[in-house]
Amino acid sequence: MGCFANRRSSSWVYPTAVLSLYGLFANCRVAEPFLTPYLIGPNKNISGEVVTNYLFPIWTYSYLAFLVPVFLLTDLLRHKPLIVVQGFFLVTNYVLLCFAPGLPAMVVLQVNYAVVTSTEVAYFSYIYSVIPVESYQRATGYLRSAMLAGYTFGASLGQVLVSLAGIDYFYLNAITLGVQSMAFLISFGLPMPQAGLFFKGETAAALGWRSKRDGTSGGDGPQDEKDEAGSGKANAQHRGGVGWRTRGNVSTAGLLLWQSFKDSYCSRNVIYWSLWWALATAGYVQVFNYIQLMWDHIEPSASSSIYNGGVEAACSLVGAAAAFSAGHIKVTWAVWGELALGLFSAAGTGAVFLMALTSSIWACYAGYVVFKSCYMFLITITTFQIASNLSMECYALTFGINTFVALLVQTVLTFTFVDEAALGLDIVTQFIVYGSYYATISVLFLIRGTYTACITRGRPEHAETTGPESSVEVLSADRL
């Protein structure tokens with residue numbers, strides 16, 4: 001009996017280790033910081049204007065088309081198949097970059113990469129369907145650390161190879177192809193979950209739906225809901241997931257999705273935090289997608305040394321430190337959080353304007369580090385504030401909806417200001433637009449945050465809300 005208990009308590013170790021190893025290799029993309037120089041250089045010989053106003057927008061539109069179907073398929077197919085698909089498309093991504101010539105092949109590349117980014121939801125949600133609830137915190141920490149380590153090591157290695165060894169960008173992509181092939185092979189070692197968060201098998205899903213219908217909500221009893229989620233998972237595993245794709249299960253999953261949606265957004269605070277999440281993430285991803293083009297505009301890669309990899313590695317470390325500090329600062333985020341969103345968004349606004357208006361590559365690098373660090377700090381606070389009182393189902397759905405809204409906003413920005421079919425602005429003007437966009441977000445949340453702080457400071461019942469010492473899940477949005 002004791003042996004059985006020990007095996008059960010350690011059941012989270014194997015899937016966490018395999019998924020962390022997958023995340024390490026999948027995010028170790030040595031060539032990624034040098035993608036733009038590779039595309040506009042002699043290897044692919046595509047003009048900067050075509051890359052900016054034609055090629056990159058295709059990824060945004062394709063990502064929007066894939067996101068909702070992939071989000072639903074992830075849970076329906078129980079996560080692992082989508083992780084394997086992601087690994088496969090990561091391999092094909094670098095096969096195209098290495099060996100496919102011409103602009104049409106690079107168009108296919110953008111669609112291919114949209115599949116990669118849309119399936120990242122499977123990476124984040126897989127672990128919660130195969131491990132006990134009490135191991136969520138430790139497993140999440142390991143997964144985030146693996147992603148950070150992979151990205152930092154890849155960017156650093158790329159910079160060393162370019163600066164010290166003078167290696168051509170083609171060989172960086174070839175090395176990355178080998179690393180991604182390893183990630184693809186590792187994905188097959190993941191154990192198959194017995195049930196998803198919403199498609200749980202008819203019995204387990206019906207129990208989950210009944211508990212929600214009878215009054216269990218995300219804000220009333222988070223611990224009870226976690227216990228129910230854990231017992232629901234155990235029930236599904238005990239039944240072997242029988243009937244997980246029947247018509248009745250799909251119908252019940254739809255009802256559970258709808259109930260989780262109502263539970264998630266019944267709080268006005270969750271709506272405000274989600275609004276910042278969606279708006280800020282849309283702007284952040286635009287800056288992230290086009291920053292290499294800005295760097296190349298200031299200091300062309302064809303005629304000067306570039307340090308894209310070193311800057312990305314530094315951003316990862318500083319951003320991780322900022323995110324980590326958010327969980328240890330003694331602040332009542334329920335009172336001061338929205339004001340912090342406004343203040344740090346203002347700092348991000350200044351950083352974007354600096355990147356747009358400076359002629360110094362080092363000032364642009366510094367602005368990017370400040371901007372990314374501010375975002376990582378704030379998205380950590382936002383993630384915690386939203387997730388602290390929601391069940392895992394509600395949080396997963398909120399993550400998906402907020403991501404979708406962010407992508408909608410990003411698509412509007414891309415079509416209006418970037419796409420050659422509309423304004424097709426040059427890269428400097430684009431960054432001025434993004435700075436103005438962030439300034440609007442900052443003003444909105446400074447007003448809202450000041451109002452919230454003034455209203456709640458005099459109410460003693462708010463002093464006990466949301467302890468700042470609580471653990472915080474760090475959200476990586478490098479690949480939204």
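In what kind of crossing, left-handed or right-handed, does α13 pass α15? The structure is a predicted model, in which local features need pLDDT of at least 70 and side-chain atom pairs count only at pLDDT 80 or more, while totals for chains, interfaces and linings use all residues. Residues are numbered from 1 along each chain as its sequence is written, and side-chain values use heavy atoms, with hydrogens and water left out.

Helix α13 spans residues 268–298, and its axis lies 12 Å from that of α15 at an angle of about 20° (helices are DSSP runs of H or I with at least four residues, numbered from the N terminus; axes are lines fitted to C-alpha atoms over the stretch in contact, with angles from 0 to 180 degrees between N-to-C directions). The two helices α13 and α15 are therefore roughly parallel, a word used for angles under 35 degrees, and the crossing is left-handed, that is, the near helix is turned anticlockwise from the far one by less than a right angle. Their contact, meaning heavy atoms within 4.5 Å, includes Trp273 and Trp276 of α13 and Leu341 and Met355 of α15.

On α15 (residues 333–357) also packs α16 (residues 361–387), the axes coming within 9 Å and crossing at roughly 160°. Helices α15 and α16 are therefore roughly antiparallel, the term for angles over 145 degrees, and their crossing is left-handed. Among the residues that make this contact are Phe344 and Ala351 of α15, together with Phe371 and Phe377 of α16.

Key. Angles under 35 degrees count as roughly parallel, over 145 as roughly antiparallel, 65 to 115 as roughly perpendicular and the rest as oblique.
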